Amino acid sequence: MTGKFCAPDGVTFTTIIIGFLKLGKAEEALELLRRVMPEKGLKPSVVTYNAVIQGLFKLHRLDEAMEVFSSMVSGGTAADCTTYTIIIDGLFECNKVDEAKRFWNDVVWPSGVHDSYLYAAILKGLCRSGNLNDACEFLYELVDCGVTLCVVNYNIVINGACTLGWKREAYQILGEMRKNGLEPDSVTWRIIEKLHGNVEKQFSEDLTCQVGV
């Protein structure tokens with residue numbers, strides 16, 4: 001790899017690692033991370049670790065992804081918001097809802113390292129896993145703790161309610177958003193329109209069943 005050219009740096013190794021993971025070659029990627037980079041005197045950055053963790057989750061190698069995270073932290077590399085977002089996304093994608101909640105409670109929230117993208121990942125994960133009530137509770141808890149949310153965070157939960165046809169809950173969340181100083185955007189109103197479409201569709205289906213058509 002070195003030859004007559006400049007020695008590869010951390011960016012080069014990260015690029016190669018990403019390539020290996022995209023090809024499903026997790027062992028080769030981990031070999032570079034754990035052996036080759038240290039031998040070259042290179043300490044993986046949080047960007048490199050994030051790439052490895054994300055790649056492993058995409059390959060559904062959850063245990064190895066979490067091992068890499070543990071190694072990163074124990075080795076003195078601090079996690080950032082991207083790290084936590086990747087892990088939360090990965091846990092939900094692997095249907096590890098309880099683990100995602102526990103990771104938030106035990107690791108992420110105490111760290112103080114979180115942003116609207118991370119909140120969005122948790123809210124999406126809860127909604128997609130059929131835990132809309134938990135998503136609403138999480139949203140309200142953040143507000144009660146003084147966290148500043150964005151319209152996107154509210155839109156995710158409103159969309160979850162609309163998908164289920166929960167009209168009252170959708171408008172309740174909309175009201176909470178306005179009460180906290182945020183105005184609905186064009187996406188919000190498109191989501192609300194979908195709600196009315198779902199309600200009309202459900203009414204039509206119920207009517208069809210009643211008349212036996």
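E169 is partly exposed, at a relative accessible area of 23% (buried means under 20%, exposed over 50% and partly exposed in between, with a 1.4 Å probe and protein chains only). Its salt-bridge partner is R168, with 3.2 Å between the closest N and O atoms (a salt bridge is a side-chain nitrogen of Lys or Arg within 4 Å of a carboxyl oxygen of Asp or Glu). R168 itself is exposed, at 60% relative accessibility. The model is a predicted one, in which local features need pLDDT of at least 70 and side-chain atom pairs count only at pLDDT 80 or more, while totals for chains, interfaces and linings use all residues. Residues are numbered from 1 along each chain as its sequence is written, and side-chain values use heavy atoms, with hydrogens and water left out.

The structure holds 8 salt bridges in total. Among them is the pair K179 and E176, whose closest N and O atoms lie 3.3 Å apart. These two residues are 3 apart in helix 10 (residues 167–179), so about one helical turn separates them (helices are DSSP runs of H or I with at least four residues, and strands are runs of E with at least two, numbered from the N terminus). K179 is exposed, at 61%, whereas E176 is partly exposed, at 22%.

A further pair sits in helix 2 (residues 26–39), where E31 and R35 are 4 residues apart and again about one helical turn from each other. Their closest N and O atoms are 2.2 Å apart. Both partners are partly exposed, E31 at 35% and R35 at 38%. Salt bridges also link E27, R61 and E64 into a network.

On a 1 Å grid over the protein atoms alone, a pocket is an open set of points where a 1.4 Å probe fits, with protein on both sides within 12 Å along at least five of seven lines; lining residues have an atom within 4 Å of a point.

The lining includes W104, W109, F138 and C145. By class it divides into 7 nonpolar, 1 polar and 4 charged residues (Ala, Val, Leu, Ile, Met, Phe, Trp, Tyr, Cys and Pro count as nonpolar, Asp, Glu, Lys and Arg as charged, and the others, Gly among them, as polar). Because domain 1 (1–113) and domain 2 (115–212) both contribute residues, the largest pocket lies between them; the domain bounds come from an automatic or database assignment.
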